[in-house]
Amino acid sequence: MTAVLALPEDFIQGVMRGDNPDLRLIVSGDRPLEPLLLLWVGQSASDILSAFQGGVYAVLELYEEDPPPGLTRDQVVLDINLRYIRLALGRGGLFHTEEVSATRALPIPLHYGLALLAYLALSAPIYSGSWLSFQRRLRCVGRGTARGYFGGVLAGGLALFLLLAPGLAGLGRGGILPLVGAALAMALYCSLFCGLCCLLTEGAAGCGTASFALALAFLALAFLALSATGMAALSLVLYQRRTDRREVEP
């Protein structure tokens with residue numbers, strides 16, 4: 001037994017009069033979860049009772065303003081309380097139950113497979129120190145920032161596409177073109193992400209830390225177009241700063 005609800009004498013009559021007599025809920029002290037659930041259920045029942053009592057009093061006020069002939073007040077009190085009791089007992093018909101899956105339209109195995117594949121792709125770096133050194137030389141001869149940055153993103157995206165396409169083909173369902181499109185979009189997004197992590201940090205350890213922290217932030221954000229645009233804008237600024245450095249520091 002989880003709990004005992006002790007009702008006072010004349011409880012129903014007290015509710016009908018509006019006195020709302022106190023109740024006693026006796027629960028076990030070594031099982032705290034059940035009392036919390038019962039408290040929530042009891043509070044919900046109390047809210048329903050308060051709403052019903054408000055309706056009863058509104059009906060009685062209308063009755064007292066213009067009593068219909070042949071209808072006593074006691075009969076009105078009994079009828080309106082019985083009506084609300086029936087509403088309370090049949091309140092399940094007022095709600096629509098809808099099951100919502102945590103993975104939405106995706107099957108659970110496919111969801112976890114895609115998540116693992118995306119994590120592996122997000123952990124792949126793009127830039128290295130030697131590559132950025134070469135880009136600094138190109139900057140010195142007037143090459144623009146955007147061309148170098150997006151060239152690196154496309155090169156990294158191509159490498160990631162070659163890794164992601166077979167994985168998506170093994171996990172996905174449907175035609176070839178949707179799978180290729182999904183792999184391409186995923187590869188470009190992961191390339192943007194990895195480029196940002198590499199530009200924010202100076203080494204592999206820092207890149208791993210940044211990728212983990214940013215992945216959590218983007219998990220909460222969950223807007224791919226917005227986050228991709230933000231990553232590209234921030235990466236362009238960082239890319240220009242890194243390539244504008246002198247190749248040999250004094």
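I began with the burial scale: buried means under 20% relative accessible area, exposed means over 50%, and partly exposed lies in between. The model is a predicted one.

**Entry: a test of the scale**

I looked up Ala185. I found Ala185 in helix 7, which covers residues 176-200. Its relative accessibility is 48%, so Ala185 counts as partly exposed. I then took the whole chain. Of its 250 residues, 26% count as buried.

**Entry: the fold**

I counted nine helices and two strands. I read the order along the sequence as β-α-β-α-α-α-α-α-α-α-α. Strand 1 runs over residues 3-6 and holds Leu5. Leu5 also turned up in my surface search. Leu5, Leu7, Leu23, Leu25 and Val27 make a nonpolar surface patch of about 440 Å².

**Entry: helix 6**

I checked the length of helix 6, residues 145-171. At 1.5 Å a residue, its 27 residues should span 39 Å. I found its end C-alpha atoms 37 Å apart, which agrees. I also looked for a bend. Helix 6 has a kink of about 30°, centred on Phe161.

Next I listed the buried residues of helix 6. They are Thr145, Gly148, Tyr149, Gly152, Val153, Gly156, Gly157, Leu160, Leu164 and Leu168.

**Entry: from helix 6 to other positions**

How far apart in space are Ala185 and Phe161? I got 8.8 Å, C-alpha to C-alpha, for a pair 24 residues apart in sequence. Ala185 is the helix 7 residue from my test of the scale.

**Entry: aromatic rings**

I noted the convention before I searched. A pair of aromatic rings is described by the distance of the centres and the angle of the planes. My search of the whole structure gave two aromatic pairs. Tyr149 and Phe150 form an edge-to-face pair, with 5.0 Å centre to centre and 65° between the planes. Ring pairs join Tyr149, Phe150 and Tyr239 into a cluster.

Phe150 comes out at 36%, so Phe150 counts as partly exposed. Tyr149 was already on my list of buried residues in helix 6.

**Entry: charges**

Side chains of opposite charge can pair when their charged atoms come close. How many salt bridges does the structure hold? I found one. The side chains of Arg73 and Glu64 meet there, at 3.3 Å from N to O.

I looked up the exposure of both partners. Arg73 has a relative accessible area of 37% and is partly exposed. Glu64, at 48% relative accessibility, also counts as partly exposed.

How values were computed:
Residues are numbered from 1 along each chain as its sequence is written. This is a predicted model: local features need pLDDT of at least 70, side-chain atom pairs count only at pLDDT 80 or more; totals for chains, interfaces and linings use all residues. Side-chain values use heavy atoms; hydrogens and water are left out. Patches are made of residues with over 30% relative accessible area and no salt bridge: like charges are joined within 9 Å, nonpolar side chains (Val, Leu, Ile, Met, Phe, Trp, Tyr) within 5 Å. Accessible areas come from the Shrake-Rupley method with a 1.4 Å probe; for residues, only the protein chains shown count as cover. A salt bridge is a side-chain nitrogen of Lys or Arg within 4 Å of a carboxyl oxygen of Asp or Glu. Helices (H or I, at least four residues) and strands (E, at least two) are DSSP runs, numbered from the N terminus. Rings of Phe, Tyr and Trp (its six-membered ring) pair if their centres lie within 6.5 Å; planes under 30 degrees apart count as stacked, over 60 as edge-to-face and the rest as tilted. Buried means under 20% relative accessible area, exposed over 50%, partly exposed in between (1.4 Å probe, protein chains only). The expected span of a helix is 1.5 Å times one less than its number of residues. The bend at a residue is the angle between axes fitted to the seven residues ending there and the seven starting there.
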